[in-house]
Amino acid sequence: MSRKQIHLAAHFPGVNNTTVWSDPEAGSHIEFSSFVKLAQTAERAKFDFFFLAEGLRLREQGGQIYDLDVVGRPDTFTVLSALAAVTERLGLAGTINSTFNEPFEVARQFASLDHLSAGRAAWNVVTSWDAFTGENFRRGGFLPQDQRYERAETFLRTAWELFDSWRGSEVAADADSGVFLQDAAAGAFAHHDAHFDIEGRFPVPRSPQGRPVIIQAGDSEEGREFAAATADAIFSRYGTLEAGQKFYSDVKGRLAKYGRRSEQLVILPAATFVLGDTDADAHERAHVVRRQQVSGQTAIKFLEQVWNTDLSDHDPDGPLPSTDPVVDGSTIAPGRASVRMYRDPVATAREWRRLAEAKNLSTRDLIIEVTGRQTFIGSPTTVAAAIDDLVQADASDGFILVPHVTPGGLDEFADKVVPLLQERGSFRTEYTGTTLRDHLGLEPLEA
């Protein structure tokens with residue numbers, strides 16, 4: 001029986017504390033050379049695609065810009081379009097919001113990117129849940145969760161109508177007859193519903209993939225259903241065996257009711273990694289990295305997001321605050337996902353105190369403990385085996401790797417782990433297709 005093939009993607013990390021921007025090896029998150037470096041490393045290693053997340057508003061805490069992490073990044077489409085010129089096979093995936101954009105504009109941009117890249121575009125379709133982000137846009141608000149996903153699915157299907165308004169055979173460009181366009185109805189569209197009332201002509205002829213590869217990242221019930229109905233790939237946060245298998249089985253099990261097969265949806269958990277010459281060396285390095293990621297200042301900022309009050313005078317090397325979190329309907333950190341994660345701050349504080357007492361942890365140590373650790377730690381041999389075992393066990397179809405140093409943090413993985421995966425027969429040694437759909441094992445779309 002042939003081995004299941006692993007899919008790998010490279011995430012250019014941005015506004016989060018995974019990125020250790022203070023590391024001597026770290027580079028710019030704005031200069032184009034950094035994007036080029038990471039993308040070309042991923043392509044050299046035969047990764048499926050390069051991925052950019054997106055932040056539509058600078059994060060704030062206590063009414064001030066949150067400046068302990070990387071702040072700001074250029075526009076997604078601009079970066080991906082530029083990368084199309086300096087890569088040849090690597091897929092180019094970007095996060096574009098469905099809550100505050102319009103289908104025509106997004107469809108035109110992705111169709112253009114797919115043309116410029118010769119069929120390598122992918123769209124991570126997301127929604128926004130908070131009014132804080134909405135203040136940057138003319139709507140200035142947000143939608144309840146059920147309406148967000150309703151709008152997202154309608155947005156996506158409307159964009160599909162625009163992509164499909166060209167079949168691909170309309171442009172004749174016949175110099176002898178003088179006929180350039182052989183179908184006068186090319187690009188015609190009309191869509192009228194509660195969300196979008198548009199009618200006209202789509203200006204971009206059908207692109208190499210027909211539509212961009214669709215990625216989704218929601219973990220809610222609505223998000224999983226949305227992915228099963230519409231997505232080609234889904235990002236997840238379940239990178240361990242038991243949790244990964246449970247998520248994998250749940251989402252793949254939803255496909256049949258939409259007339260889809262298991263291989264038509266690729267599941268990719270996000271994963272971080274630390275390598276060393278030996279497993280022990282890697283664990284020592286991982287300890288150092290975690291303390292770089294969670295400085296004393298950062299630990300206090302995380303603590304404030306749960307306690308919902310100014311704790312700037314709190315000692316990060318001391319115990320947790322003895323007072324309980326402030327629960328008054330306001331938030332010190334608007335727009336932060338962590339605000340939703342800790343729905344019962346008082347219960348969270350109680351649990352953290354128990355954990356800190358049991359393990360004799362300072363505030364900083366506690367935050368390091370509860371905010372996650374690297375997914376894969378070990379020698380290249382250990383990490384390659386762990387990745388392969390999880391994929392072969394249907395805990396995932398691959399991983400989207402998030403290096404902690406930009407832009408050179410993927411080099412060691414590309415040079416030392418990828419060859420071992422190739423030796424195992426689980427990862428390509430060369431690209432066998434030209435489009436991102438080819439890389440992901442997805443069937444071409446019919447015109």
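Helices (DSSP runs of H or I, at least four residues) and strands (DSSP runs of E, at least two) are numbered here from the N terminus. By that numbering, K46 belongs to the loop between helix 1 and strand 2. The structure is a predicted model, in which local features need pLDDT of at least 70 and side-chain atom pairs count only at pLDDT 80 or more, whereas totals for chains, interfaces and linings use all residues. Residues are numbered from 1 along each chain as its sequence is written, and side-chain values use heavy atoms, with hydrogens and water left out.

**Backbone geometry**

- Most residues other than glycine have a negative phi, and most peptide bonds are trans.
- K46, although not a glycine, has a positive phi of about 70°.
- The relative accessibility of K46 is 16%, so this residue counts as buried; buried means under 20% relative accessible area, exposed means over 50%, and partly exposed lies in between (1.4 Å probe, protein chains only).
- A118 is likewise not a glycine and has a positive phi of about 60°.
- The loop between helix 3 (103–116) and strand 6 (121–126) holds A118, which counts as partly exposed because its relative accessibility is 46%.
- A cis peptide bond, with omega near 5°, leads from T406 to P407.
- P407 is placed in the loop between strand 16 and helix 14.

**Helix 14**

- Helix 14 comprises 13 residues (411–423), which at 1.5 Å a residue should span 18 Å; the end C-alpha atoms are 18 Å apart, in agreement. The expected span is 1.5 Å times one less than the number of residues.
- At V417, shortly before the proline P419, helix 14 has a kink of about 35°. The bend at a residue is the angle between axes fitted to the seven residues ending there and the seven starting there.
- D411, F413, A414, V417, V418 and L421 are the buried residues of helix 14.
- The cover over these buried residues includes strand 1, helix 1 (32–44), strand 14 (273–275), helix 13 and strand 16, where contact means heavy atoms within 4.5 Å.

**Salt bridges**

- Side chains of opposite charge can pair when their charged atoms come close.
- A salt bridge is counted when a side-chain nitrogen of Lys or Arg lies within 4 Å of a carboxyl oxygen of Asp or Glu, and the count by this rule comes to 34.
- D394 lies in the loop between helix 13 (380–392) and strand 16 (398–401) and K4 in the segment before strand 1 (7–12), so the pair ties together parts that are 390 residues apart in sequence.
- D394 is partly exposed at 34% relative accessibility, and K4 is partly exposed at 22%.
- R157 and E153 meet in a salt bridge at 3.2 Å, N to O. Because they are 4 residues apart in helix 5 (residues 145–163), about one helical turn separates R157 and E153.
- Both partners are partly exposed, R157 with a relative accessibility of 34% and E153 with 27%.
- D183 pairs with R167, their closest N and O atoms being 3.0 Å apart. D183 lies in the loop between strand 8 (179–181) and strand 9 (188–192) and R167 in the loop between helix 5 and strand 7 (171–174), so this bridge ties together parts that are 16 residues apart in sequence.
- D183 is buried, with a relative accessible area of 18%, whereas R167 is partly exposed, with 45%.
- A network of salt bridges links D219, E221, R224, E225, R237, D250, R254 and K257.

**Surroundings of T230**

- T230 belongs to helix 6 (residues 221–230) and is buried, with a relative accessible area of 5%.
- Leaving aside residues up to four places away in sequence, T230 touches E153, L156, R157, W160, I214 and R260.
- A C-alpha separation of 19 Å divides T230 from F196, 34 residues apart along the chain.

**Surface patch**

- L58, I65 and V71 form a nonpolar surface patch with about 230 Å² of accessible area together. Areas come from the Shrake-Rupley method with a 1.4 Å probe, and for residues only the protein chains shown count as cover.
- Patches consist of residues with over 30% relative accessible area and no salt bridge; like charges are joined within 9 Å, and nonpolar side chains (Val, Leu, Ile, Met, Phe, Trp, Tyr) within 5 Å.
- L58 is located in the loop between strand 2 (49–52) and strand 3 (60–61) and counts as partly exposed at 40% relative accessibility.
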